Every structure is written in C-alpha cells, then in structure tokens.
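Welcome! Please take a moment to look over the chain below, and then we can walk through it together.

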Amino acid sequence: MLIYRASAVHDLHLRDELEHLAELRHATLWFVVGDRRDPGPRRLFTPTGMRELVPDIAERDIYLCGPDGLVTQSLQVLRRLRVPRRQIHLDPFEF
C-alpha cells in the first residue's frame with residue numbers, strides 16, 4: 001500500500017509510474033490531494049483516519065519520505081497507533 005500526499009494534482013510526480021507498479025504488484029495506491037488545511041487530508045493524518053485506511057497498520061513496515069512537517073506529524077500518529085519503532089523507516093527530504 002502506498003499513500004502519496006500532494007497539495008495539487010499537478011504535484012503528483014511519477015504518478016504514471018506508480019500506478020503501473022501498483023498494478024503489476026497488485027498494490028493499493030492512494031493519492032491524497034488537497035491543501036493541508038482541508039478536512040480530508042487533515043483527517044487522514046489522524047489515528048482514526050489512518051486506522052480506517054490501513055486497519056492493520058501496527059503490523060506493517062512504514063516507509064516515510066517527505067518534508068519535515070509531514071514526517072513529524074506522521075510519526076506522532078504512528079506512535080499513537082503503537083506501530084513499533086523498528087517498523088518505521090525514515091527517508092526525509094527537503095525542497
């Protein structure tokens with residue numbers, strides 16, 4: 001499962017490649033598009049929203065890549081969901 005967060009559709013870089021890979025591997029691909037203040041994207045990055053999207057999240061390995069704010073917020077949510085630290089892999093980047 002891959003959750004790809006972007007502010008606008010034109011920011012979904014590599015979209016075609018990701019959709020192709022997801023199809024080949026029978027993976028679920030979620031594009032979360034919208035301003036960070038919009039209710040939809042805000043709700044996803046809460047324990048309730050994440051649990052609804054990925055019910056078995058505490059059993060998965062999580063790979064986080066994104067700007068500091070997104071990574072920090074995601075880590076807080078993952079800790080509240082009791083995802084073990086050994087299952088969280090970070091690759092933060094800067095623009």
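**A walk through the model**

Just after helix 4, Arg82 adopts a positive phi of about 60°. Helices (H or I, at least four residues) and strands (E, at least two) are DSSP runs, numbered from the N terminus. Before going on, please note that this is a predicted model, in which local features need pLDDT of at least 70 and side-chain atom pairs count only at pLDDT 80 or more, while totals for chains, interfaces and linings use all residues. Residues are numbered from 1 along each chain as its sequence is written, and side-chain values use heavy atoms, with hydrogens and water left out.

Let us stay with helix 4. Its 13 residues reach 18 Å from the first C-alpha to the last, close to the 18 Å expected at 1.5 Å a residue; the expected span is 1.5 Å times one less than the number of residues. Which residues of helix 4 are buried? They are Val71, Ser74, Leu75, Val77 and Leu78, where buried means under 20% relative accessible area, exposed over 50%, and partly exposed in between (1.4 Å probe, protein chains only). Looking down the axis of helix 4, you would find these buried residues within an arc of 165°, so they line one face of the helix. That arc is taken from the directions from the helix axis to the C-beta atoms. The face turned away from the buried side carries the exposed residues Gly69 and Arg80. As for packing, the buried residues of helix 4 lie against helix 3 (47-53), strand 3 (62-64) and strand 4.

Now step into the loop between helix 4 (68-80) and strand 4 (88-90), where you will find Leu81. Leu81 is buried, with a relative accessible area of 9%. Apart from neighbours within four places in sequence, Leu81 is in contact (heavy atoms within 4.5 Å) with Pro47, Met50, Arg51, Ile57 and Ala58. Gln87 has its place in the loop between helix 4 and strand 4, and it counts as buried at 12% relative accessibility. A polar atom of the Gln87 side chain lies 2.8 Å from the backbone oxygen of Arg60. Not counting residues up to four places away in sequence, Gln87 touches Ala58, Glu59, Arg60, Asp61 and Ile62.

Cys65 is partly exposed, at a relative accessible area of 47%. Setting aside neighbours within four places in sequence, Cys65 is in contact with Val71, Asp91 and Phe93.

Finally, let us turn to the aromatic rings. A pair of aromatic rings is described by the distance of the centres and the angle of the planes. Rings of Phe, Tyr and Trp (its six-membered ring) pair if their centres lie within 6.5 Å; planes under 30 degrees apart count as stacked, over 60 as edge-to-face and the rest as tilted. The structure holds one aromatic pair. The rings of Tyr4 and Phe31 have centres 5.9 Å apart and planes at 55°, so this pair is tilted. It links distant parts of the chain, with Tyr4 in strand 1 (residues 2-6) and Phe31 in strand 2 (residues 29-33), 27 residues apart. Tyr4 counts as buried at 17% relative accessibility, whereas Phe31 is partly exposed at 22%. The charged end of Arg15 sits over the Phe31 ring, 4.7 Å from its centre; for this, NZ of Lys or CZ of Arg must be within 6 Å of the ring centre and within 35 degrees of the ring normal.

Key:
Polar contact = N/O pair within 3.5 Å; in protein donor to acceptor, adjacent residues only side chain to side chain.
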